[in-house]
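I opened my notebook to look around a structure and jot down what I found. Come along and check each entry against the picture.

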2 protein chains.
Amino acid sequence: MNGRYRPDISRGPRCPLPLDGPAEVTLAHGGGGRMTQTLIEQLFFTAFRNPALEPLHDGAVLEVGGSRLAFSTDSFVVSPIFFPGGDVGSLAVHGTVNDLSMCGASPVGLAAGFILEEGLPMEDLRRVTLSMRDAAERVGVPIVTGDTKVVDRGKGDGVFINTTGIGLVPPGIDLSPVKARPGDVVMCSGSVGVHGIAIMSVREGIEFETSLESDSAPLHDLVARLLLESPEEVHVLRDPTRGGVASALNEIAAQAKVGIRLDERSIPVRDEVRGACEILGLDPLYVANEGVCLVIAARVAAKRLLHTMRGHPLGRDSAIIGEVVRDEPSKVLIRTRAGGTRLVQMMSGEQLPRIC
Amino acid sequence: MNGRYRPDISRGPRCPLPLDGPAEVTLAHGGGGRMTQTLIEQLFFTAFRNPALEPLHDGAVLEVGGSRLAFSTDSFVVSPIFFPGGDVGSLAVHGTVNDLSMCGASPVGLAAGFILEEGLPMEDLRRVTLSMRDAAERVGVPIVTGDTKVVDRGKGDGVFINTTGIGLVPPGIDLSPVKARPGDVVMCSGSVGVHGIAIMSVREGIEFETSLESDSAPLHDLVARLLLESPEEVHVLRDPTRGGVASALNEIAAQAKVGIRLDERSIPVRDEVRGACEILGLDPLYVANEGVCLVIAARVAAKRLLHTMRGHPLGRDSAIIGEVVRDEPSKVLIRTRAGGTRLVQMMSGEQLPRIC
């Protein structure tokens, strides 16, 4: 269906939004790096400007009827829809549960919107639905409302799922990227890059001889324990999805106007991930995760938090990977294994499309 | 990208979900008629079963921190993305605002998830974004959080938008399809079928010589006035989108286990819509709307409500179109212009794909 209708542009709003860059949407606009950030800031953020959008967080926190409600949305377009360790259904639940968790909220309910392509085997849809159900049951969050659309063959790709979640932020919890303070430690709850490399391992033409499975997992329980343990000392939580640890930390450094210094030797990277990254010329710091979170916390609580994280099944590989510093504001630097220091930039293009 | 990965089915859950019908997803599964209902009931509803899902409404109403929160999601895949009277952006705002309104809620915030196809002209995205902004501003609801994904060329169709909304249901308001009672009147806030026929008019090959524009509009203010006027007498609100008035009333009749009798002469249908429907062999009762709502209310309040509706810019064509009856439970009957009575069935297939 091609519309013959051409809108009368003279009737449209005269818009001051300047858009740098290409005249068409590219895959890199969805990569989670600099181009995604530019698109969001120059277009969506400028157009929709309002106080709740300001923090540019994984979700918004709204005051509603005396409660603080976290509200977060994500569309999942991962390809292929089934991959080792998960599928688009479980990923859609984990992704939004994690975004709520990064706001410090406990999940209350999920909405699920399906965009199905005509011709999708009903058996695939059944498997994806059951996987969502199982993932939601493990978290203990109900899927309370939904929507189903079907697009004609060749206008979609099997199944896309949007999940939007609401959660309650407990009193006393106030997380924000701008709260990263010089002196804070930067911690990582697990080995980085596993989800991205597991997906890549099944993509056509880049298959590895590895048994690597995605570590996609819901982080709500790990986060709840940290916030119970040290409600005031945890300053920032972030799950480094598209764009990886490097892009997430760059965003935080820019928003908090602080520097972040990482120690490469302390960043947990599994051998299979490191090997795959070497073959592909990738840096594990830019590979997407969906079962790992970054924790920026007061140094005084670091040992206690690390102990709590390591005691959790999803945090066994937790490590302190760096610190927040006053110098080099808005920059992320890394002390390499070789002993030098280099700048860790935000990802500039698309490293791995459709990873989530 | 084709995944070579084939999941080990033996590890998957042994599922009792029986799926009648075709082995593949068809366009009719998204049409809003019987096949959509079967898919939702047999698959999603069975898998996700929980109390909030029970009412099968346009949205869920949850008790959160002492407030009653409405929560509703919709993906918008309308084709073409620009059409007379609107575009996918304004439609995405109106659709979710209306779903919240049908729960009796005033909108508090929207989340917007974009799935963009590689190659989408940036100018189109800009226009759609500004249209969303303008629509949200007119409603007075902020877009507080969002997400952007990009899929490769040929795996999407320009832009799909998911909007999910939260709203507050005022104390004393409790709308539900099961509250339709024998004796109630069925009212319609405007002329039916305009949105669907406006879209069809710009689809390739089925263009009419008509100036018909979509009546897509946000109904929150009209609804707020009705509920202020008669908080207890308004029993059910429903916006008859996909599947039209016929499918919406069939759902209500089935859920409330009542009969609904319509009077064809009293249903407002504009001449252009009637003419287009005659040419196409369509029944206006099955054509989608996005600026019209059905109101089922106690007969005692009917005149008052009709007066209020007709006094609102979006309700000028309001009419009482039928009544709820005790006989013929779960059925919708219509007294035709010719004087006979016929059954109005739920739409069985797909009348008009990608209308919203």
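I started with B:P80, which sits in the loop between strand 2 (67-76) and strand 3 (82-83) of chain B. Helices (H or I, at least four residues) and strands (E, at least two) are DSSP runs, numbered from the N terminus. The bond that joins B:S79 and B:P80 is a cis peptide bond, with omega of about 0 degrees.

I then turned to chain A, where a cis peptide bond joins A:S79 and A:P80, with omega about 0 degrees. A:P80 lies in the loop between strand 2 (67-76) and strand 3 (82-83) of chain A.

**Ground rules**

I noted that this is a predicted model, in which local features need pLDDT of at least 70 and side-chain atom pairs count only at pLDDT 80 or more, while totals for chains, interfaces and linings use all residues. Residues are numbered from 1 along each chain as its sequence is written, chains are lettered from A and ligands numbered from 1 in the order in which they are written, and side-chain values use heavy atoms, with hydrogens and water left out.

Where did I find B:E328? It is in the loop between strand 12 (319-325) and strand 13 (332-335) of chain B.

I made a side note: most residues other than glycine have a negative phi, and most peptide bonds are trans.

Are these residues buried or exposed? Buried means under 20% relative accessible area, exposed over 50%, and partly exposed in between (1.4 Å probe, protein chains only). B:E328 counts as partly exposed because its relative accessibility is 34%. B:S330, at 33%, is also partly exposed.

**Chain A as a whole**

I counted eight helices and 14 strands in chain A. Its C-alpha trace spans about 60 × 50 × 45 Å along the principal axes. The radius of gyration is taken over C-alpha atoms, and the globule rule is 2.2 Å times the number of residues to the power 0.38. For 356 residues a compact globule would have a value near 21 Å, and chain A agrees, with 20 Å.

Buried residues make up 63% of the 356 residues in chain A. With contact meaning heavy atoms within 4.5 Å, residues 24 or more positions apart account for 84% of the contacts in chain A with a separation of 6 or more.

How accessible is each one? A:I320 is partly exposed because its relative accessibility is 33%, whereas A:V325 counts as buried at 10%.

Setting aside residues up to four places away in sequence, I saw A:I320 touch A:V185, A:V186, A:M187, A:S266, A:A302 and A:L306. With neighbours within four places left out, the contacts of A:V325 include A:P182, A:V258 and A:I260. I also checked A:V325 against A:E137: they are 188 residues apart in sequence and 41 Å apart in space, C-alpha to C-alpha.

**A proline under cover**

B:P240 lies in the loop between strand 9 (234-238) and helix 6 (244-256) of chain B. It counts as buried, because its relative accessibility is 1%. Among the residues it touches, not counting those up to four places away in sequence, are B:V245, B:A248, B:V292 and B:L294.

**The cores**

A nonpolar core is a set of buried Ala, Val, Leu, Ile, Met, Phe, Trp, Tyr and Cys residues joined through side-chain atoms within 4.5 Å. Which members of the largest nonpolar core touch the most other members? Of its 81 residues, they are B:F114, B:L116, B:L125, B:L249, B:I260 and B:I296. Helix 3 (residues 122-139) of chain B gives the largest share of this core, eight residues. Apart from it lies another core, of 80 residues, among them A:M132, A:I161, A:L282 and A:Y286.
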